[in-house]
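The structure is shown first.

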Amino acid sequence: MNHLLINRRTAIATLGALSAGAVLAQQQRPATVRLGYQKSSTLIALLKVQGTLEKQLAPLNVALSWHEFTSGLPLLEALNLDNLDISADVADTVPVFAQAAGADLTFLAQEAPSPAAQAIVVRDDSPLKTVADLKGKKVGFAKAAGAHYLLIAALEKAGLSFKDIEPAYLTPADGRAAFEKGAIDAWVVWDPFLAAAQRQSKVRILADGAGIASYQRYYLASTKFAKARPDVLRVVYAELEKTGKWVKQNPKEAAALLAPVWGLDAPTIEQANSRRSYAVRPVAAGGLAEQQRIADAFFAEKLLPRKINALNVALFNPGA
């Protein structure tokens, strides 16, 4: 009897030790943060290739998983569906569509304006000379991208509306192919795709964003994640700010690092980077005025399902 009691106590003690060990192992296992990005996510691409974020997040017991998207809209859709925790930079237009879809997002950071980093281009031999000449023409661009708003704003300035053109919603890769074979009359695109087209094809710029679309890019997180892990967001913000300054101070080194990642030559990347500010800063409510203009423009063209208050968003304070 005593023998059986001893065995039972031993078994219970062993199970307790195993359970404690399992809990400890669970606590020691890094939490995985899911980060989404696209090809134009320059600063995130540099942090990824250098392994910087992993190193800086290791003391917080955090690991990263990386997820690439073709453009900003599907990236924020994934964030809205809780398939991601953090989104690398997307054009200013994209959060507007996410808000209209009911996404609960927190603005992590903003890059200062880069109006020349996106443009409306035509082939060099095209008869189109001005934006007004786009009337009745087929124009390719990525839906909800900054290029989409640039087109709307440029058409309005030229006395036209979005209904005056035939839109072709295309990813950058598909847009480039359609543009080169003449399937579209004009293409609206952003860097580094814009720089690649300029250097590899004979193109003319009809208009860039100067004076009509400032093209600010935003980094976002799901609000649920922002509330749970502000420590992670503070690290990400600090590294973005640092990397943005480094790119502008070291353009050739940055281009050389990105060349094999992007599959582009270093001079093309350097040209693209020269048009981006990469000045990372906190998002202030007063700095979101253009977001409301963008939202109103898309709603007026019946491209947004409902009118939204673009200023009614959560803002992350990296200094808190």
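Of the 320 residues of the protein, 51% count as buried, where buried means under 20% relative accessible area, exposed over 50%, and partly exposed in between (1.4 Å probe, protein chains only). The model is predicted: local features need pLDDT of at least 70, side-chain atom pairs count only at pLDDT 80 or more, and totals for chains, interfaces and linings use all residues. Residues are numbered from 1 along each chain as its sequence is written, and side-chain values use heavy atoms, with hydrogens and water left out.

**Overall fold**

The protein has 13 helices and 12 strands; these are DSSP runs numbered from the N terminus, helices being H or I of at least four residues and strands E of at least two. The C-alpha trace spans about 100 × 45 × 35 Å along its principal axes.

Helix 10 covers residues 230-249, 20 residues in total. From its first C-alpha to its last it reaches 29 Å, close to the 28 Å expected at 1.5 Å a residue; the expected span is 1.5 Å times one less than the number of residues. Buried residues in helix 10 include V232, L233, V235, V236, Y237, E239, L240, T243, G244 and V247.

**Strands and sheets**

Strands of a sheet pair through backbone hydrogen bonds, either parallel or antiparallel. Here two strands are taken to pair if DSSP finds at least two bridges between them.

Five strands form an open sheet with mixed pairing, in the order 7-6-8-5-9. Its edge strands are strand 7 (166-169) and strand 9, each of which pairs on one side only. From one strand to the next the twist averages 30 degrees, with axes taken as lines fitted to C-alpha atoms (for helices over the stretch in contact) and angles running from 0 to 180 degrees between N-to-C directions. Strand 6 and strand 8 run parallel and are joined by two bridges; G140 has W187 in strand 8 as its bridge partner.

Strand 3 (residues 86-91) has six of its six residues buried, so it is largely enclosed by the rest of the structure. It pairs with strand 1 (residues 31-38) in the parallel sense over two bridges, and with strand 10 in the antiparallel sense over four bridges. S87 takes part in both pairings: S87 is the bridge partner of G36, and L220 in strand 10 is the bridge partner of S87.

R34 lies in strand 1 and is partly exposed, with a relative accessible area of 23%. D185 sits in the loop between helix 7 (172-180) and strand 8 and also counts as partly exposed, at 27% relative accessibility. Two C-alpha separations involving these residues are tabulated below.

| Pair | Separation in sequence | C-alpha to C-alpha distance |
|---|---|---|
| R34 and V247 | 213 residues | 24 Å |
| D185 and L76 | 109 residues | 29 Å |

**Backbone details**

Most residues other than glycine have a negative phi, and most peptide bonds are trans. A144 is located in the loop between strand 6 (138-141) and helix 6 (146-157), and is buried with a relative accessible area of 0%. Y215 also has a positive phi, near 60 degrees. This tyrosine lies in the loop between strand 9 (203-208) and strand 10 (217-222) and is buried, at 2% relative accessible area.

The peptide bond between D191 and P192 is cis, with omega about 10 degrees. P192 is found in the loop between strand 8 (186-190) and helix 8 (193-200).

**Interior cavity**

A cavity is a set of points, on a 1 Å grid over the protein atoms alone, where a 1.4 Å probe fits but cannot get out. Grid points are joined across faces, edges and corners, and a volume is the space filled by probe spheres set on the points. The count comes to one cavity of 30 Å³ or more, and the largest cavity has a volume of about 50 Å³.

Which residues line the largest cavity? The lining, meaning residues with an atom within 4 Å of a point, consists of Q38, S71, G72, A91, V94, A145, G146, W190, Y215 and R217. By class there are five nonpolar, four polar and one charged residues; Ala, Val, Leu, Ile, Met, Phe, Trp, Tyr, Cys and Pro count as nonpolar, Asp, Glu, Lys and Arg as charged, and the others, Gly among them, as polar. Y215, described above for its positive phi, is one of the lining residues.

How values were computed. 1 Å grid on protein atoms, 1.4 Å probe; cavity = no way out; pocket = protein on both sides within 12 Å on 5 of 7 lines; lining within 4 Å.
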